[in-house]
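User: Hi! I have a model open and would like to talk it through with you. Could you start with a single residue once it is on screen?

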Amino acid sequence: MRSLNLPWAALLAAATIVLGTLFRWVNVLFVSVNGIELGDGKLVLALALTSATLLIASARRRWAVIVAGVAGLGSLGVTAYDAIRISAFHKHIFGASVDATAGVGLWIDVIASALLVAAIAWHLQVQRGTS
């Protein structure tokens, strides 16, 4: 099996991460916050853009694909950590129970980050087999 010049699945996953940062990451009571409004969301956006840039500019260079994969792992780590922390948030304020829920944008980013890492790993494996 021959690999394409560009790892299209990885590029699609990186683009999906960028879109995910524009959607809700946190819902608390009547307040929702988009990923791009949070520090972690900006970090995930930067990691996704770094991956996409490296994959577009240097897809034939193994080091660039590996660095893009490391950025994907960073994105996966941040988003998974945030999803766990947000889902575990529970406070009692003036006798009322307040829970936070992870928004759809955060879950999109968790899944897309995992797909980015998997697509890059697959691309590297295919490259190694054709070298």
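User: Is S58 buried or exposed?
Analyst: S58 counts as buried, because its relative accessibility is 11%. Buried means under 20% relative accessible area, exposed over 50% and partly exposed in between, with a 1.4 Å probe and protein chains only. One caveat: this is a predicted model, where local features need pLDDT of at least 70 and side-chain atom pairs count only at pLDDT 80 or more, while totals for chains, interfaces and linings use all residues. Residues are numbered from 1 along each chain as its sequence is written, and side-chain values use heavy atoms, with hydrogens and water left out.

User: Thanks! Where is S58 found, and what does S58 touch?
Analyst: S58 is found in helix 2, residues 39-58. Helices (H or I, at least four residues) and strands (E, at least two) are DSSP runs, numbered from the N terminus. Leaving out residues up to four places away in sequence, S58 touches A64 and V65; contact means heavy atoms within 4.5 Å.

User: Which other residues of helix 2 are buried?
Analyst: Besides S58, the buried ones are G41, V44, L45, L47, A48, S51, A52, L54 and L55.

User: And how does the span of helix 2 agree with 1.5 Å a residue?
Analyst: The 20 residues should span 28 Å, and the end C-alpha atoms are 28 Å apart, so the two agree. The expected span is 1.5 Å times one less than the number of residues.

User: Switching topic: how many residues are in the largest nonpolar core?
Analyst: It has 27 residues, and those with the most contacts inside it are A10, I17, L55, I86, L106, L116 and I120. Such a core is a set of buried Ala, Val, Leu, Ile, Met, Phe, Trp, Tyr and Cys residues joined through side-chain atoms within 4.5 Å.

User: Which elements each supply at least two residues of this core?
Analyst: Helix 1 (8-20), strand 1 (24-28), helix 2, helix 3 (62-87), strand 4 (96-102) and helix 4 (104-130) do. Helix 4 gives the largest share, 7 residues.

User: What does L116 touch?
Analyst: Not counting residues up to four places away in sequence, L116 touches A10, A13, A14, I17, S51, L55 and G72.

User: Last one: what is the overall layout from the N terminus on?
Analyst: The elements run α-β-β-α-α-β-β-α, with 4 helices and 4 strands in the protein. The C-alpha trace spans about 65 × 20 × 20 Å along its principal axes, and 40% of the 131 residues count as buried.
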